[in-house]
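Trainee: I've got a model open and I'd like to learn how to read it. Can we go through it together?

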Amino acid sequence: MAARRSRIPATKYPVERFTLDNGLRVVLTPDRSAPVIGVAVVYDVGIRSEPEGRTGFAHLFEHLMFQGSENLEKLAHFRHVQGAGGTFNGSTHHDYTDYFETLPANALERALFLEADRMRGPRLTEENLRNQVDVVKEEIRVNVLNRPYGGFPWLTLPPVMFDTFPNAHDGYGSFDDLESATVADAADFFRRYYASGNAVLAVSGDIDVAEATELIGRHFGDVPARPAPERPDFGEPDLTAERRQAYTDALAPLPAVASAWRVPDPITDFAGYLPYVVLAEVLTDGDASRLVERLVHRDRTVTSIGGYVGFMGDPFDVRDPTALLLQSHLPPGGDVDKVLRTIDEELDRLATDGLTAGELARTQARMATHLLRDTDAVLGRALRMAVLEQQRGEPGLLNDLPRLVGEVTEEQVRSAAATLRPQRRASIEVIAGGAR
Amino acid sequence: MSVTAPPSPRPLPPLGPNRRLKLPKQAERTLANGLTVIAVRRPAIPLVEVRLWMPAGRTHLARGALLAQTMLSGTQTMTSVQIAAELQAVGGGLSAGIDPDRLMLSGAGLVTGLDRMLEILAEVLTGAAYPGKEVGTERDRLVDRIQVAQSQPAHLARTALLKRIYGRHPYAVQTPEPEQVRAVGPAVLRRLHAERVHPADAVLVLVGDVQPERALDAAEKALGAWTGAGHTAELPPAPPLEPGPLLLVDRPGSVQSSLRVALPAVPRTHPDHAALQLANLVFGGYFSSRWVENIREDKGYTYGPHSLVEHSVAGSVLVAAAEVATEVTAPALLETMYELGRLATLPPKPDELEQARQYALGTLQLGMSTQAGLASLVSAYAGNGLRLDFLAEHAARLAKATADDVAEAAQRYLAPAQAVTVVLGDAERVAPALSALVPVRTEPVGTE
């Protein structure tokens with residue numbers, strides 16, 4: 001059967017942008033297909049901005065933003081969101097920190113009130129700080145210390161690839177650093193980074209634009225104006241010699257390895273960056289992808305392999321420096337060197353021989369499905385548009401991503417593959433300390 | 001610095017009027033071969049979600065697991081790579097999974113590719129070949145995956161809890177041992193496929209940017225020729241919980257303890273279900289619950305405690321789960337028993353109940369607001385003999401449950417006297433304090 005090319009569809013989510021006098025940028029994207037709304041506030045501060053000696057602080061501070069604010073006691077935020085039928089959370093990334101709610105549409109004003117109140121200032125107390133240090137330590141135990149492959153590779157690979165503290169350090173934080181955190185540190189961090197001029201508010205879903213605009217003005221208009229801090233340059237030179245480290249994971253039953261290569265600047269060179277996002281999928285998306293076919297099914301040298309751009313798999317939410325990652329779990333006694341050699345060989349083959357008929361088009365069609373599916377949740381749109389506004393001033397890019405991905409050419413994918421050379425590679429190997 | 005007056009408090013804005021729960025447009029048809037097809041319209045994005053639910057009660061554990069792992073590994077006319085590539089070409093994908101209730105094929109793709117996805121689905125259902133080489137590869141992968149699962153504390157705690165709750169019922173063991181998987185070959189899989197993969201009692205759900213009647217036509221065209229009259233095994237009802245000593249599963253060196261408390265529950269259609277759901281929310285079923293506010297926000301013992309009513313075909317159970325620091329394992333259990341006992345013996349406050357009720361009603365709306373959420377909901381309902389209309393019924397029951405109803409349900413279902421408790425952790429460090437609270441029986445991890 002001839003491989004017919006699927007037409008890649010697009011969404012047409014409308015976008016309204018404006019900026020309040022205090023510098024808060026706002027994005028509205030109405031969609032009345034379901035009576036629900038998404039509200040997201042994104043601050044332009046993340047793991048990379050943590051001071052030395054305060055690893056994990058951006059994430060700890062995210063927890064403190066839920067501990068009460070000017071007009072809200074501790075626990076009030078949770079109760080007001082959930083008591084309106086909604087859900088909430090927050091998360092800390094390398095370049096930003098987000099706070100968000102999904103709610104029935106009748107809770108719009110309440111959600112705006114809650115976000116504005118903590119933007120004016122959280123209640124930072126010794127008691128809440130100690131409580132949340134304990135909670136964060138349990139979070140780290142669940143996700144890193146008490147399980148196999150904890151932090152692999154998002155915490156264990158950056159220190160191999162990068163040399164400077166902002167890019168290399170453990171974003172979850174050491175227990176020592178977390179325990180040393182003070183209320184004064186938190187107040188400083190808030191003053192510096194949680195400024196109205198450093199934030200974006202996005203509201204999506206079942207809203208009337210005029211009404212939402214009025215309510216946003218009412219609740220956020222008198223948040224004191226503070227400018228965004230200057231964002232440092234976190235750039236680092238590319239690798240010129242291969243780097244590789246290994247560690248023993250006492251709980252891991254099988255070996256694993258992850259490799260990363262630097263990619264072009266996602267913001268200033270988006271056109272140069274996109275082919276790498278596509279390349280990761282060509283290599284690893286499903287049983288018909290090159291590396292799965294070769295390593296999993298033909299050679300049987302790995303049990304699973306995945307590829308993605310961004311250490312958190314967030315290709316459209318990161319700034320430079322970032323990387324394309326390939327991570328594999330191996331069968332018992334598996335040979336990591338052989339796996340890395342085979343990956344090199346396949347990358348060479350792709351760069352030299354190009355793609356097979358239909359290979360790129362089908363990968364792009366599948367990527368379109370993933371991109372569209374992510375935007376179906378009202379919150380997915382609010383979050384993504386907020387970050388696109390913050391990092392690019394271009395929230396409407398969300399509508400264009402499936403098409404732009406579809407326009408990446410075979411030549412661009414080949415050229416991208418050609419840059420993934422061993423001497424530019426940083427790898428981290430997990431030695432199975434729990435093998436039986 | 002000048003002294004300024006404290007800002008006057010700002011009032012919390014009230015909620016707007018509640019929007020009525022509106023069910024999407026849908027259609028249903030039972031094909032001549034016995035397959036039920038349900039199509040639901042949600043046109044927000046140009047995609048379609050596919051869920052095929054096939055009853056799988058009493059399927060041999062290791063064979064069932066490997067069947068799901070290899071179902072998409074090739075047919076008479078297509079290799080595994082061709083299947084994956086053809087699905088990708090229409091932006092699609094399929095995956096197979098099995099549990100003690102059902103075998104499920106699920107996926108999503110561009111709506112323009114619906115016909116092609118259904119054709120490939122039919123090809124797999126009628127012609128899955130279980131080629132020897134692929135079965136060998138997937139068998140090794142499954143064994144590797146089981147070994148990784150067996151190193152995860154959450155999996156080990158779940159395994160111990162299921163065995164403790166279900167005894168000799170088929171739900172008691174849900175993950176095969178590696179050696180059982182190694183014994184399964186292609187011929188056995190082909191036979192199992194012939195026996196258990198058939199359209200009678202199966203339900204196909206399609207949700208997305210479709211006209212429901214036309215989607216039913218497409219399903220009929222692609223899957224009408226799927227035949228086969230294998231058997232369907234009835235699951236016996238799940239046994240009642242048998243309270244007893246706390247089961248402490250020893251995992252030396254563990255820096256946290258996995259605390260699991262099982263309590264009785266009722267199916268979705270039971271008259272007590274809405275009140276039980278509300279009681280569970282007040283106890284520990286959402287963040288703003290007594291248990292979470294106590295052991296996380298007050299005491300800092302844990303990160304993500306949660307409590308959930310789990311529905312299966314043969315019965316329902318309520319499970320409260322928390323990963324707590326090793327040194328506070330016993331105090332965490334004490335607070336858990338305290339919060340259960342408090343709710344089982346004293347009625348909830350009116351504002352607590354209203355908050356839980358709003359949450360339950362609101363999250364119904366949220367769950368229906370995506371194609372994927374709607375598809376999973378419709379499929380889970382259909383697998384248990386319900387239709388989407390049930391959502392409106394359930395919402396009405398949630399809306400009218402009284403404080404007395406909830407107090408009664410709490411006494412009946414949340415009483416700590418009926419709890420079955422399992423803790424996975426470092427026994428040497430946690431046993432002495434736990435034994436000060438309740439009788440404890442200790443087992444090594446992975447005991448048969």
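Mentor: Helices (H or I, at least four residues) and strands (E, at least two) are DSSP runs, numbered from the N terminus. This is a predicted model, where local features need pLDDT of at least 70, side-chain atom pairs count only at pLDDT 80 or more, and totals for chains, interfaces and linings use all residues. Residues are numbered from 1 along each chain as its sequence is written, while chains are lettered from A and ligands numbered from 1 in the order in which they are written.

Trainee: Which strand does S8(A) join through seven bridges?

Mentor: That's S10(A), residues 323-329, and the two run antiparallel. Within S10(A), Leu325(A) is the bridge partner of Ala260(A). S8(A) also pairs with S11(A), residues 425-432, over six bridges, again in the antiparallel sense. There, Ala256(A) stands opposite Val430(A).

Trainee: Are the faces of S8(A) covered or open?

Mentor: Count neighbours: a residue is buried if 20 or more other C-beta atoms lie within 10 Å of its own, exposed if 12 or fewer, and partly exposed in between, with C-beta atoms placed from the backbone. Seven of the seven residues in S8(A), 256-262, are buried. One side has Ala256(A), Ala258(A), Ala260(A) and Arg262(A), the other Val257(A), Ser259(A) and Trp261(A), so to speak a strand covered on both faces.

Trainee: Which residues touch the most other members of the largest nonpolar core?

Mentor: In soluble globular proteins, nonpolar side chains tend to be buried together. A nonpolar core here is a set of buried Ala, Val, Leu, Ile, Met, Phe, Trp, Tyr and Cys residues joined through C-beta atoms within 7 Å. The largest has 280 residues, and Ala382(A), Leu278(B) and Ala279(B) touch the most other members. H10(A), residues 270-284, gives the most to this core, with nine residues.

Trainee: What is Ala279(B) in contact with, beyond its neighbours within four places in sequence?

Mentor: Contact means C-beta atoms, placed from the backbone, within 7 Å. The partners of Ala279(B) include Leu343(B), Val406(B) and Tyr413(B).

Trainee: How many residues does each chain bring to the contact between A and B?

Mentor: Chain A brings 67 and chain B 64. On chain A's side, H13(A) gives the most, with 10 residues.

Trainee: And how many helices and strands does chain B have?

Mentor: It has 16 helices and 12 strands. Of its 448 residues, 51% are buried.

Terms used:
Two residues are in contact if their C-beta atoms, placed from the backbone, lie within 7 Å. Two strands pair if DSSP finds at least two bridges between them.
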